[in-house]
Amino acid sequence: MDPKPAFALESPAAVAALLERERYIAEEGLAVATFLALRLGRPLLLEGEPGVGKTEVARVLSKGLGVPLVRLQCYEGLELEQALYEWDHARQLLEIRLLESLGERDLDRLRAGVYREEFLLKRPILEALELGEAVLLIDEVDRTDEAFEAFLLEVLSDFQVTIPELGTLRARARPLVVLTSNRTRELHDALRRRCVYYWIDYPSLEKELRIVRARLPELPEALARKVVALVQRVRGLGLLKPPGVAETLDLAASLLALGVGDLAPEALDPALGALLKAREDVERVRRALGDLLMALG
């Protein structure tokens, strides 16, 4: 029997309320996609530019649902063993020596003595399947290769894994799986079909202002509005690495830390490193800063 979804929320509005309690301002489409992923027991695939809050969705869902967040950070060359499980060879060797010191010589009994669950190093996917009631974040899945995607297909279809020495381990309940992608490469259609999909775009000015006000309530509203308006204009400059929402929050927090009460080029300049992550972008914004601020009025 297929494991049932571990969670159930009664409506998209309930999802939106949960996210907002954790100070995540979600668009209706994201709340609906998350609700469907929860209800159908499907993975939630979030794509969007870096810094728009994809990873944060998994964090706030974990916190709001009161369950552990299990994170698998993907990267080029990620091996299955690092995602699923490994045997603790050092402890197995010690166990063999201990058994031999006690007079055990039978190879089958020695083998059985070291291939037990206590010698298994559980990596994120197996850990999440075992927990069931958890949020499994597979972050930046586009950094892995196609072979790893094929492995994910199997796991996300059946929510079980087979360990030759132990047999098949099946999740008692389906954890909520959140996959994120910055779209550095296209994911295979077969993986997409397993998921409920949502694209997170850069927020509108009003939504981004709500995010900043929710996360940094101590920031004066007038200053928060100017910061957000500035960042929205900066995104239109065609930078190498346009700032995401995370960078907007970093800039606002930096201005608070520096005691800046109003935006001016000389006050903003020291904080540009919180907003921009490439030398060329810093130089370009620095040159345009006077005009950008003048346009804000």
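Where does E140 lie, between which strand and which helix? Let me answer that first: E140 sits in the loop that runs from strand 6 (135-139) to helix 8 (146-158), where helices are DSSP runs of H or I with at least four residues, strands are runs of E with at least two, and both are numbered from the N terminus. Its phi is positive, about 60°, although E140 is not a glycine.

Before I go on, this is a predicted model, in which local features need pLDDT of at least 70 and side-chain atom pairs count only at pLDDT 80 or more, while totals for chains, interfaces and linings use all residues. Residues are numbered from 1 along each chain as its sequence is written, and side-chain values use heavy atoms, with hydrogens and water left out.

R23, also not a glycine, has a positive phi of about 65°, and this residue is found in the loop between helix 1 (12-21) and helix 2 (28-40). At 43% relative accessibility R23 is partly exposed, a class that falls between buried, under 20% relative accessible area, and exposed, over 50%, with a 1.4 Å probe and protein chains only.

Turning to helix 7 (residues 124-131), its buried residues are P124, I125, L126, A128 and L129, and the helix is followed by G132, whose phi is positive, near 75°.

Finally, the cysteines: taking a disulfide as a pair of cysteine sulfur atoms within 2.5 Å, the count is zero. C74 is in no disulfide, and the nearest cysteine sulfur, that of C195, is 12 Å away. C74 is buried, with a relative accessible area of 1%, and C195 is buried as well, at 11%.
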